[in-house]
Amino acid sequence: MAYGFGLGAHQVQGQIHDHQTAYTVSQDIRALNIPDSTPIIMYGSFMPGLVYYLDRPIAAGNFMGELEFGIHHTDRTGMYYGSQDLYDRWNSDEPAVIVVQPKYRDEALRVLGSAPAQRFDVEDYTVLLNRAAAGGDKR
């Protein structure tokens, strides 16, 4: 019985890893080969797994949650984007990548003010780019 439980738990763990973590979306972002200088911004919520899988800082957009204390007590330059900051970055000549869950997607698109140059849906997330990525042809 314990052996059967172990096999079942292994299958469940695989499903959670592939469908409930940042792994899938991080691999698709990695395939875009975007420069480290391009901010990746989580809109509306924060997925800590992106930091782990991409091995780079991930900024927060229109969300503080558990990050609020640090945002108010450290230099937040480039790590937090309010609505106006997002709009300004998105509509500038500088590239940006926004990762957003479907429940915040329409709100994010309104805040950004213009259509993405590139967009793709991954599991439970949408990735928006204001400039087409040179490293991948995701759509």
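Colleague: Why is valine 100 called buried?

Modeller: Buried means under 20% relative accessible area, exposed over 50% and partly exposed in between (1.4 Å probe, protein chains only). Valine 100 has a relative accessible area of 0%, so this residue is buried. The model is predicted: local features need pLDDT of at least 70, side-chain atom pairs count only at pLDDT 80 or more, and totals for chains, interfaces and linings use all residues. Residues are numbered from 1 along each chain as its sequence is written, and side-chain values use heavy atoms, with hydrogens and water left out.

Colleague: Which residues does valine 100 touch, not counting residues up to four places away in sequence?

Modeller: Contact means heavy atoms within 4.5 Å. On that basis valine 100 touches Tyr43, Arg105, Ala108, Asp124, Tyr125, Thr126 and Leu128. Tyrosine 43 is 57 residues from valine 100 in sequence, yet their C-alpha atoms are 5.1 Å apart in space.

Colleague: What makes strand 4 and strand 6 a pair?

Modeller: Strands (E, at least two residues) are DSSP runs, numbered from the N terminus. Two strands pair if DSSP finds at least two bridges between them. Strand 4 (residues 97-100) and strand 6 have four bridges, in the antiparallel sense; isoleucine 98 has leucine 128 as its bridge partner in strand 6. Strand 5 (residues 118-122) also pairs with strand 6 in the antiparallel sense, over five bridges.

Colleague: Why is strand 6 largely enclosed by the rest of the structure?

Modeller: Five of the five residues of strand 6 (residues 125-129) are buried, so the strand is largely enclosed. Tyr125, Val127 and Leu129 cover one side, and Thr126 and Leu128 the other.
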